[in-house]
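Please read them with the structure open beside you.

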Amino acid sequence: MTKAQAEKNLKIANLRILAASQRANAAAHRRQALKPIYPGQSDICMSKADQIEAFAARTEAQADLLAAD
């Protein structure tokens, strides 16, 4: 394996780790939405979870694009 390939693999792995972290964060927001501590928190948490899921999808797409190259 060349150094360039190893660096590419590292970038891909880091992107996948980031996506997993983003998905875990979104899941935490969804759990909080089930037990809101103030009025309106459920809607805020669900909106935030959707946004973070979209970030995770973008991160995964970046990893897939890099892997396909």
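1. Elements and numbering. Helices (H or I, at least four residues) and strands (E, at least two) are taken as DSSP runs and numbered from the N terminus. On that basis Pro39 is found in the loop between α1 and α2, and the secondary structure of the protein chain comes to two helices and zero strands. Residues are numbered from 1 along each chain as its sequence is written. Please keep in mind that this is a predicted model, in which local features need pLDDT of at least 70 and side-chain atom pairs count only at pLDDT 80 or more, while totals for chains, interfaces and linings use all residues; side-chain values use heavy atoms, with hydrogens and water left out.

2. Overall form. The C-alpha atoms of the protein chain fill a box of roughly 55 × 15 × 10 Å along the principal axes. The radius of gyration, taken over C-alpha atoms, is to be set against a globule rule of 2.2 Å times the number of residues to the power 0.38; a compact globule of 69 residues would have a value near 11 Å, but the protein chain has 16 Å. The C-alpha atoms of Pro39 and Ala4, which are 35 residues apart along the chain, are separated by 52 Å.

3. Helix α2. This helix has 28 residues and reaches 40 Å from its first C-alpha to its last, close to the 40 Å expected at 1.5 Å a residue, where the expected span is 1.5 Å times one less than the number of residues.

4. Burial. Buried here means under 20% relative accessible area, exposed means over 50%, and partly exposed lies in between (1.4 Å probe, protein chains only). Buried residues make up 20% of the 69 residues in the protein chain; in α2, they are Gln41, Cys45, Ala49, Ile52, Ala56, Thr59 and Ala63, and what covers them includes α1.

5. Thr59 and the contacts. Which residues does Thr59 touch, leaving aside its neighbours within four places in sequence? With contact meaning heavy atoms within 4.5 Å, Thr59 meets Leu15, Leu18, Ala19 and Gln22. Thr59 lies in helix α2 and counts as buried because its relative accessibility is 3%. Across the protein chain, residues 24 or more positions apart account for 62% of the contacts with a separation of 6 or more.

6. A salt bridge is a side-chain nitrogen of Lys or Arg within 4 Å of a carboxyl oxygen of Asp or Glu, and a search of the whole structure finds five. The side chains of Glu60 and Arg16 meet in one of them, at 2.8 Å from N to O. This pair links distant parts of the chain, with Glu60 in helix α2 (residues 41–68) and Arg16 in helix α1, 44 residues apart. Glu60 is partly exposed at 22% relative accessibility, and Arg16 is partly exposed at 31%. Arg30 forms another salt bridge, with Asp50, the closest N and O atoms being 3.1 Å apart. Arg30 lies in helix α1 and Asp50 in helix α2, so this pair ties together parts that are 20 residues apart in sequence. Arg30, at 28% relative accessibility, counts as partly exposed, as does Asp50, with a relative accessible area of 44%. Salt bridges that share partners also join Arg16, Glu60 and Asp64 into one network.

7. Glu7 forms a salt bridge with Lys3, the closest N and O atoms being 4.0 Å apart. Both residues lie in helix α1 (residues 3–34), four residues apart, about one turn of the helix. Glu7 is partly exposed at 45% relative accessibility, whereas Lys3 is exposed, with a relative accessible area of 64%.

8. The loop and the surface. Pro39 counts as exposed because its relative accessibility is 79%. Ile37 lies in the loop between α1 and α2 and is also exposed, at 70%. Ile37, Tyr38 and Ile44 make a nonpolar surface patch of about 340 Å²; patches are made of residues with over 30% relative accessible area and no salt bridge, like charges being joined within 9 Å and nonpolar side chains (Val, Leu, Ile, Met, Phe, Trp, Tyr) within 5 Å. The accessible surface of the protein chain comes to about 4,900 Å², of which 61% belongs to carbon and sulfur atoms; accessible areas come from the Shrake-Rupley method with a 1.4 Å probe, and for residues only the protein chains shown count as cover.
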